[in-house]
Amino acid sequence: MTAAKLHYYSATGKANQIRLALAAANIEFEDVTPSSNSFPPSEEQVLEWRNIGGNSTTNVPMLEMPDGKVYTQSSAVLKAVARMGNLMPSSNDDLYMTDKLIADAEDFRTKSYATIIAWGASKEEYENFINNEVPLHFGNFERQLKENGGEYFVVKDRLTIADVAVYDAVVSFGANRAPDDCLDKFPSLAQWIKRVESDPGIVSYHASDKYANLMKFGKE
Ligand SMILES: N[C@@H](CCC(=O)N[C@@H](CS)C(=O)NCC(=O)O)C(=O)O
């Protein structure tokens, strides 16, 4: 079967939670990246994405399925993949918690994006992120994980899309940018990270060249 195409830069960014979801759902995909990979993208590139996605605002990350169906807007793409891959819970309470945790993860991602020194943030903003925002948000995730009382965030014994979204935020946008001891005060979160990383689809994604070759955020 042909693989789905994930259109984005050769970077983790807003696409990585979707890549992780595809991996956990065992949906084969290939990354389609602009040849120059420059940011902001060229006018031609934006037009090419617009022709596929149809949105006149933004289109990538954008998922093009083998049947021709196209999905845009990262949180909507994420949930579409979750529905395809049985990563969505079913009860109304669990669906609410899923939406809420995806929004918590996005709040943290937004804070992290705003403190990237290479993109114009000051050293003070970066340090405030590391010293205050990381513990604040990690503490909020740790609390919710404990309150659920299980191995995962929403469904006690099964990985759902909420875990994927929170994992990408906590690791790609938090722990990878912070000192190595940043999880010491959050033991439940640290154990849960290992649990998510042991999902077979996520294990093979992390071992793949396509993950190795992506630009990732790191310590500044
Ligand atoms: N709300 C959108 C924001 C998408 C967005 O800002 N994409 C950036 C990269 S992170 C971009 O370069 N978009 C150019 C485009 O789609 O034409 C989402 O979450 O998908």
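Arginine 177 and glutamate 220 join their side chains in a salt bridge, with 3.0 Å from N to O; the term stands for a side-chain nitrogen of Lys or Arg within 4 Å of a carboxyl oxygen of Asp or Glu. This pair links distant parts of the chain, 43 residues apart: arginine 177 sits in the loop between α6 and α7, and glutamate 220 in the segment after α9 (209-212). Helices here are DSSP runs (H or I, at least four residues), as are strands (E, at least two), and they are numbered from the N terminus. Arginine 177 is buried, with a relative accessible area of 0%, whereas glutamate 220, at 42%, counts as partly exposed. Buried means under 20% relative accessible area, exposed means over 50%, and partly exposed is in between (1.4 Å probe, protein chains only).

All of this comes from a predicted model, in which local features need pLDDT of at least 70, side-chain atom pairs count only at pLDDT 80 or more, and totals for chains, interfaces and linings use all residues. Residues are numbered from 1 along each chain as its sequence is written, and side-chain values use heavy atoms, with hydrogens and water left out.

The salt-bridge count comes to 12. Another of these pairs is lysine 14 with glutamate 106, at 3.3 Å from N to O. Here the partners are 92 residues apart, with lysine 14 in the loop between β1 (4-7) and α1 and glutamate 106 in helix α4. Lysine 14 is partly exposed, at 31% relative accessibility, and glutamate 106 is partly exposed too, at 25%.

Arginine 109 and aspartate 168 also meet in a salt bridge, at 3.1 Å from N to O. Because arginine 109 lies in helix α4 and aspartate 168 in helix α6, this pair ties together parts that are 59 residues apart in sequence. Both arginine 109 and aspartate 168 are buried. Through shared partners, salt bridges join Lys14, Glu106, Arg109 and Asp168 into one network.

That brings the story to helix α6 itself. With 12 of its 12 residues buried, α6 is largely enclosed by the rest of the structure. The buried residues include Ile161, Tyr167 and Ser172. They pack against α1 (16-24), α3 (74-84), α4 (92-113), α5 (123-148), α7 (187-197) and α8 (200-207), where contact means heavy atoms within 4.5 Å. The length of α6 (residues 161-172) works out as well: at 1.5 Å a residue it should span 16 Å, and its end C-alpha atoms are 16 Å apart, which agrees. The expected span is 1.5 Å times one less than the number of residues in the helix.
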